[in-house]
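Biologist: Can you take me through this model? I'd like to start with how you use your terms.

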Amino acid sequence: MFSWLKTKRRERALATHAIPDEDWQRALHELPFLDRYAPPLIARLRELATLFLVEKSITSGAEEGEHALEVTPHMRIVIAIQACVLLLGKQGSVTDAIEDYATFENVIVYPGDFPRSMDFEDEYGVVHQLDEPIAGESWERGPVLLSWPAVEAGYVESGMSLVIHEFAHKLDMLNGEIDGMPPLPAEKVEPFRKAITEAYEDFCIHVDANEDTPIDPYAAEAIDEFFAVTCEVFFEEPELLRLEYPDYFAVLGGYFAIDPILGKPF
Ligand SMILES: [Zn+2]
């Protein structure tokens, strides 16, 4: 449901729940990839993050025991900012832009890797339980799960952001398929598909040849993982992605409507 009432509620939230200055500055300081963006875009990011914090619940994976974690206001802001940077270039008001995240309400944070929650059905229809611990997961129309140490690792390891990765999966899921293709206007679907497929196939050749790739080899797992990993690189190390895959970089820039190198609208 997208209604006049929802817009009004969001406008009120912006006026009454703004992220306090000190908290905002501290979070920005930990995310230096945002230094490229000019003040108007940073102000827009702050509004998006404000709405995100009002509308989403960001809580611990458990109340007690090994999966319990004290989720602080700072952690919530850092997560909200990185989730919202994916929406930063979107045209229109922030109250419309945040609608891309309307399909879920919960972000669950763990003090470390957590057991994978989904069963896996093989090609013969047999269901296997995967208990290998993972650092992040996005459920279709469900929560985003994050390991906090893996979120923090993204601060120091340039080009990586678990939060951007998991929320990129959310955007990919918006049109009902998990295939590395976010929703696009009809005329942009084929150019996007061509660019991502060519980039992905080239990347897989390098990974299969055991080469040392500048992009995380996990991206070769499947095309949806390639999309999520390259979204991290697009925002965190855009020059690298442009150098490796210029055509794909261009269609991603078109989708996000942002130039992450110059830090301005595309
Ligand atoms: Zn992934």
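Modeller: Buried means under 20% relative accessible area, exposed over 50%, and partly exposed in between, with a 1.4 Å probe and protein chains only. This is a predicted model, where local features need pLDDT of at least 70, side-chain atom pairs count only at pLDDT 80 or more, and totals for chains, interfaces and linings use all residues. Residues are numbered from 1 along each chain as its sequence is written, and side-chain values use heavy atoms, with hydrogens and water left out.

Biologist: OK. Is N210 buried or exposed?

Modeller: N210 counts as exposed, at 71% relative accessibility. N210 lies in the loop between α8 (186-208) and α9; helices here are DSSP runs of H or I, at least four residues, and strands are runs of E, at least two, numbered from the N terminus. N210 is not a glycine, yet has a positive phi of about 60°.

Biologist: And what about A257, what is its phi?

Modeller: Positive as well, about 55°, and A257 is not a glycine either. A257 is in the loop between α11 (246-256) and β9 (258-259), and is buried at a relative accessible area of 14%.

Biologist: How enclosed is α9?

Modeller: Largely enclosed by the rest of the structure, because 13 of its 14 residues are buried.

Biologist: Which residues are closest to the centre of the largest pocket?

Modeller: The pocket has a volume of about 790 Å³, taken as the space filled by probe spheres set on grid points joined across faces, edges and corners. Of the 32 lining residues, the closest to its centre are G136, H165, E166, Y218 and E225. A pocket is an open set of points on a 1 Å grid over the protein atoms alone where a 1.4 Å probe fits, with protein on both sides within 12 Å along at least five of seven lines; lining residues have an atom within 4 Å of a point.

Biologist: Which element gives the most to the lining?

Modeller: α7, with 5 residues.
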